[in-house]
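Biologist: I am new to this structure and would like to know how its labels were reached. Please show it to me first.

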Amino acid sequence: MSALKRKRGGKGPGGKAKKVKLVENGNEPRNTETEQNKEISVPAPVSMGKWRNKERVLVFSSRGINYRTRHLMQDLRTMMPHTKADTKMDRKDKLFVINEVCEIKNCNKCIFFEAKKKQDLYMWVANVPHGPSAKFLVQNVHTLAELKMTGNCLKGSRPLLSFDPQFDKEPHYALLKELFIQTFSTPQYHPRSQPFVDHVFTFTITDNRIWFRNYQIIEEDASMVEIGPRFVLNLIKIFQGSFGGPTLFENPHFESPNTRRRVIRMATASRLRERQMVKELQKLKRTENKEVVTRDVTDDVFATPAEERPVHIELEAPAAKVVKKNKHKAFKRQRMQKR
């Protein structure tokens, strides 16, 4: 049978079902009754709604990030189809320049990764251009390829967002919850999204930190398995404006990485100083003049008080002892004589 090709026709997603004509060997379709019976109807797209929520998120970073941060950014762009990318920003530029970049990219939300000293990673989540914005210290980063989880989800599917009950108890957590909802949730009927909900983003508060996890819904009874990536957000400050402005909240439990490293260095230096002092004391004891002891004080241990006895010297040899013969042998000899 000769190869057949399909030729699409019809209107867009808002129109009726498309009709496909079969063309043989790339030639013009023939107007015969047999060819008309070979027409295939393609159903209209599932998502027939209108895209109203025009949330766009710009995800990019500054220069100096490591490979793990770059893979984390790629994972977020894969999970969030409403994101856009941009080139790395120079570290000498001020942060308010990001507002202009978002305006050029037509984005109203931004996730910016800022690297410092090639070992500390900070993440900004901001509502551009009026704010608010939050700054976090990112810890315990594990990317999607690094974890090798068994779960999997459809690319471009819309996620469910699950929040810890503590988000509704304190005002700064309530503000972060609304910021996360507007940033991480995929808008309905987005052109690059799929009409499926098969994974969950969870935000849990433990140890004054926000723990992010991604789970796949594998069964209808809501049984889940982790996909990745995973990371921990340690809140630093919440600003009223976008990447700056008055401070709305400052985390009192936050400890700077520089302060933590300085405390570790000071503890290590104190242990080294203590060891050096012990060595100097031992060396000083060895160099001191030693006292010469003329009398042994342990000799008094053996000096026990007792009465002196006269010495008796024996001049004659002691008498010889009489050895008794064996009674059994003598009795046996007597019995032999009687026979």
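Biologist: Which exposed residues does the face of α3 turned away from its buried side carry?

Modeller: This is a predicted model. On that face of α3 are E103 and I104, both exposed. Exposed stands for over 50% relative accessible area.

Biologist: Which residues of helix α3 are buried?

Modeller: Helix α3 spans residues 97-104, and I98, N99, V101 and C102 are its buried residues.

Biologist: What puts them on the same side of α3?

Modeller: They cover an arc of only 160° around the axis, and therefore lie on the same side of α3. In general, an α-helix has 3.6 residues a turn, so residues three or four places apart point the same way. The buried residues of α3 pack against β4 (57-61) and β6 (109-116). Just after α3 comes N106, with a positive phi of about 60°.

Biologist: Why is T202 called buried?

Modeller: The limit for buried is under 20% relative accessible area. T202 has 12% relative accessibility, so T202 counts as buried. T202 belongs to strand β10, residues 194-206. Beyond its neighbours within four places in sequence, T202 is in contact with S162, W211, F212, R213 and Y215.

Biologist: Which residues touch the most other members of the largest nonpolar core?

Modeller: That core has 34 residues, and those touching the most other members are F113, F136, L176, F180, F203 and I210. Helix α5 (residues 171-184) gives the largest share, five residues. Another core, of 14 residues, lies apart from it and includes M89, C110, F112 and A126.

Biologist: What does F180 touch, not counting residues up to four places away in sequence?

Modeller: F180 touches V125, F136, L161, F163, S185, F203, I210 and L233.

Notes
Residues are numbered from 1 along each chain as its sequence is written. This is a predicted model: local features need pLDDT of at least 70, side-chain atom pairs count only at pLDDT 80 or more; totals for chains, interfaces and linings use all residues. Side-chain values use heavy atoms; hydrogens and water are left out. Helices (H or I, at least four residues) and strands (E, at least two) are DSSP runs, numbered from the N terminus. Buried means under 20% relative accessible area, exposed over 50%, partly exposed in between (1.4 Å probe, protein chains only). Contact means heavy atoms within 4.5 Å. The arc is that of the directions from the helix axis to the C-beta atoms. A nonpolar core is a set of buried Ala, Val, Leu, Ile, Met, Phe, Trp, Tyr and Cys residues joined through side-chain atoms within 4.5 Å.
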